[in-house]
Amino acid sequence: MMDASDNQIDGLRLLLSGKLMEGADTVDVENPSTNTLLAKAPQASHAQLDNAIAAATRVSDWKQDDALRRATLRAMSEIMSANRDSLALTLSLEIGLPFKVAQDEISASATFLLYRAETEAPLDVLHDDARQRVEVVRKPIGVVGAIIPWNAPMLIACEKIATAFAVGNTVVMKPSPLAPLTLLQFGELVSDAVPPGVLSILPGGAELGAALVAHPQVGMISFTGSIRAGQAIMVNAAPGLKRLSLELGGNDAAIVLPDADIDSVAPRLFMGAFYRSGQVCAAIKRLYVHRDIAASLIEALRNVAETAVLGDPFDPAVTFGPLSNRQQFEIVKGLVDTAVSQGGSVATGGSPLNRPGNFFPPTLVTDVDESNPLVQQEQFGPALPILSYDSIDDAVDRANSTQFGLGGSVWTSDVDAGTAVVRRIQSGSVWVNRHGLVLPDTPFGGMKLSGLGRANGNVGFDSYAELQTVSVAKPREAKSR
Ligand code: NAD
């Protein structure tokens, strides 16, 4: 078993213009496994935010120095890899991920940084002939305000830092008050590797986030979080016409076609819904199964669910830790209780473990209809409603019947048929026989209320850039006589 007492998580400091410093205040961070105080984390003041933005604005050679930016991203990635276990320990402690899953998040975060260190910036040459050269170049926007949720703080932060830096921007980052510790530790680790002013890490609440959005020197907001906060940010950013990347909530549907091989798909569907206890933006949050196979698939999923081991994130036998915070635990419990009170049946799970901490087991709920809140709302936790359908058209209509549009998937033995069906789902990413795969080179983002813009790949690069069209007329050659 890992010894969680190895880590120093009290006394972490803010990173502000290359210096580590105390916050103006502190916030209590709770241990989700015990509901006791884990650490007091520093919170930044508005004056510290202003100083960080001023420092980020002053940085000059960074914009032009592609080699420096690549070297910085590479160094940050190497520091993360070298400190993987220490960062994973903090991540497990503050959001309750099993230690192995936390290690995977740190490794993936380092990969996102390295990807941008090694990838060429896109350049479009539209014409290059005797008459003219016309090209589209990517220029930095300036200061990017990065606002981070609690569910995957390290990965989401690195996704934003990597692309913002690759374009030549600087970053002022605000972690969530529910999960600031891993990002503060990361800031301490990379403080000497990052030129002063290029990255500041200032935890605070929604009010500090709103000040970051409204600040006149901030040119872009890259936000990941709830739809409600995303809408507030869009309004707040309107007077400055700020560039926005909004990665918002999802309510992804998975549709299982009648030819699916139940034994093969059940474990993968289960992971698509319950990985990280369902606290994933693009998790399966509604499952539509053809009526002919519904009973068999529910049974197979129940068997997989009952192999889950809940408990201490540092016990290697444990596959599911607690939910990351009490607020999310109450949301999930409330939705399951409501589903049951409205006639839903619980195939497995259904109520919290009788012990301290936010432990809620993987829960399968059947006999609910489309109007049930567990189907309509984003549960963001380990409770999956399973609905049956008779015709594929009906399943697709129901999958598309919400305001969400982040991800969706189709499960089948016939990949051509699956591809044809999945293209009809109105979501930014759709998958056949997998769900939720997000890679540094692959665009990701939401349709409808699930977001604005795309992260990752060349499209993601453009989200953090001002595109400039450079059109040059070439001198005419003298006419020959
Ligand atoms: P949240 O919206 O409550 O908070 C996210 C961050 O925004 C926090 O740092 C918070 O302090 C800040 N914030 C809140 N209101 C703000 C405002 N008005 N102005 C500026 N900042 C503000 O979200 P959460 O509960 O931390 O995260 C869970 C949500 O995030 C879920 O809906 C999930 O689907 C979504 N999410 C989406 C993606 C994606 O890529 N689409 C990824 C992860 C999580």
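Domain bounds, as used in these legends, come from an automatic or database domain assignment, and the model shown is a predicted one.

View 1. At least three residues of the shell around the ligand come from domain 1 (4–248 + 446–468), and at least three come from domain 2 (252–432). The shell holds 30 residues, of which Ile148, Trp150, Ser226, Leu248 and Glu378 come nearest to the ligand. Sorted by residue class, the shell around the ligand comprises 18 nonpolar, 9 polar and 3 charged residues.

View 2. In the side chain of tryptophan 150, an N or O atom is placed 2.9 Å from an oxygen atom of the ligand. Serine 226 also faces a ligand oxygen atom, with a polar side-chain atom at 2.6 Å. For leucine 248 the backbone provides the polar atom, which is 2.7 Å from a nitrogen atom of the ligand. The ligand taken alone exposes 850 Å², and 86% of that area is buried by the protein. Helix H8 (206–214), strand E10 (218–224) and helix H9 (227–237) are the elements that each give two or more residues to the shell around the ligand.

**View 3. The contact between the two domains.** The protein chain is divided into domain 1 (4–248 + 446–468) and domain 2 (252–432), and the C-alpha centres of these domains lie 30 Å apart. The size of an interface is often given as the accessible area lost when the parts come together. Between domain 1 and domain 2 about 2400 Å² is buried, with 55% of this area on carbon and sulfur atoms. On the domain 1 side, the residues that lose the most area to domain 2 are Ser33, Trp150 and Lys448, which together account for 25% of what that side buries.

**View 4. Two loop residues with positive phi.** Serine 17, although not a glycine, has a positive phi of about 50°, and this residue sits in the loop between strand E1 (14–16) and strand E2 (19–21). Asparagine 433, likewise not a glycine, has a positive phi of about 60°, and its place is in the loop that runs between strand E18 (429–432) and strand E19 (451–452).

Technical notes: Residues numbered from 1 in each chain as written. Predicted model: local features only at pLDDT ≥ 70, side-chain atom pairs only at ≥ 80, totals over all residues. Heavy atoms only, no water. Near = heavy atom within 4 Å. Polar contact = N/O pair within 3.5 Å; in protein donor to acceptor, adjacent residues only side chain to side chain. Areas by Shrake-Rupley, 256 points an atom, 1.4 Å probe, with all protein chains shown as cover. Helix = DSSP H or I, 4+ residues; strand = E, 2+ residues; numbered from the N terminus. Nonpolar A, V, L, I, M, F, W, Y, C, P; charged D, E, K, R; others polar. Buried area = accessible area lost by both parts, 1.4 Å probe.
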